[in-house]
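The report below goes through a single model element by element, with the criteria behind each term given where the term is first used.

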Amino acid sequence: PTISAFETATGRRFEKNMQLLVKVEVTYHSVYGLRLRVIEIDTRYTLGQIEQERRQVLENLLKQHPELIRFRDGEYYTANKKTVLPEVIKNIALVTAPNSDGLRDFMHELENNPYGYHFQVTQFLTRIQGKGAELDISAALEQVKKKAGQFDVLVMVRGGGSGLDLGPFDTFEPGLQIAGFPIPAITGIGHERNISVCDLMSHTKVKTPTKAASFIIEHNAALEEAVLGLGEHILNQAERQLQ
């Protein structure tokens, strides 16, 4: 229960080489010697460490790549934010984990949209959790970048009900790639209290894979509504002139 509570509070899996502040009970046995029983793990200490690492990554990005990233009035402005969404989003490059909830949720929302829109989704499946996953994410992003001219947007999603293992999205290299990505990047990798470095660098951030799909659907629907409105306006004007 102590470890589960720690993972829920910090959004990180309990694993080797973590720095922790713990309250323990020390006992001594004549045969087995000293024994430490963990009573409580101070989550505030770990959260402070995570936030410190995240802030350091953001500082490094700003210092090393001012041509791509700027910070003004409490917000990050990146080259990717300056890219323009096409009027119709049709071809999507999707970066996510294979057989994941994020993949299923995103595709289900797209395929069951109420407007009957059809999308072409190319999946770039990769490991997105665990130690060293940032290298796999970077490799997948590099694959998309080589074919960027074939896609309207990049979508990066991460599913599941827990907020664990957001660490790879708070690292330098994926953040840098998103900041300078040549087509608009839409991220749906966090939850209500999680905003990753990749989220901050992207063109558009949403909370979940489902909302990433909804954003694309509603973006297209806005154009359709505008076109239909113009059609109605033309008809009304024609009738008025005929009268």
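Does His65 count as buried or exposed? At a relative accessibility of 18%, His65 counts as buried, where buried stands for under 20% relative accessible area, exposed for over 50% and partly exposed for what lies in between, with a 1.4 Å probe and protein chains only.

## Basis of the model

The model is predicted, so that local features need pLDDT of at least 70 and side-chain atom pairs count only at pLDDT 80 or more, while totals for chains, interfaces and linings use all residues. Residues are numbered from 1 along each chain as its sequence is written, and side-chain values use heavy atoms, with hydrogens and water left out.

## His65 and helix H2

His65 is placed in the loop between helix H2 (43–64) and strand S3 (69–72); helices (H or I, at least four residues) and strands (E, at least two) are DSSP runs numbered from the N terminus. The side chains of His65 and Glu67 are joined by a polar contact of 3.1 Å, a term for a pair of N or O atoms within 3.5 Å of which, within protein, one must be able to donate a hydrogen and the other to accept it, residues adjacent in sequence counting only if both atoms are side-chain atoms. With neighbours within four places in sequence left aside, His65 is in contact (heavy atoms within 4.5 Å) with Asn60, Phe172 and Leu176.

Glu59, which belongs to helix H2, counts as partly exposed at 39% relative accessibility.

## The S3–S4 hairpin

Strands S3 and S4 run antiparallel and are joined by four bridges, pairing being assigned if DSSP finds at least two bridges between two strands. They form a hairpin with two residues between them, and Asp73 in the turn has a positive phi of about 55°. Arg72 stands opposite Glu75 in S4.

In a regular strand the side chains alternate between the two faces of the sheet.

In helix H4 (residues 101–111), the buried residues are Gly102, Leu103, Phe106, Met107 and Leu110. Seen down the helix axis, these fall within an arc of 115°, so they line one face of H4, the arc being that of the directions from the axis to the C-beta atoms. They pack against strands S5 (91–96), S6 (120–125) and S7 (153–157) and helix H8 (209–242).

S7 pairs with S8 in the parallel sense over four bridges, and Leu154 stands opposite Ala185 in S8. S8 is also joined by two bridges to strand S9 (residues 204–205), again in parallel, with Thr187 opposite Lys205.

## Aromatic pairs

The structure holds three aromatic pairs, meaning rings of Phe, Tyr and Trp (its six-membered ring) with centres within 6.5 Å, where planes under 30 degrees apart count as stacked, over 60 as edge-to-face and the rest as tilted. Tyr115 and Tyr117 have ring centres 5.1 Å apart and planes at 15°, so this pair is stacked. Phe124 and Phe151 form an edge-to-face pair, 5.9 Å centre to centre with 80° between the planes, and both are buried.
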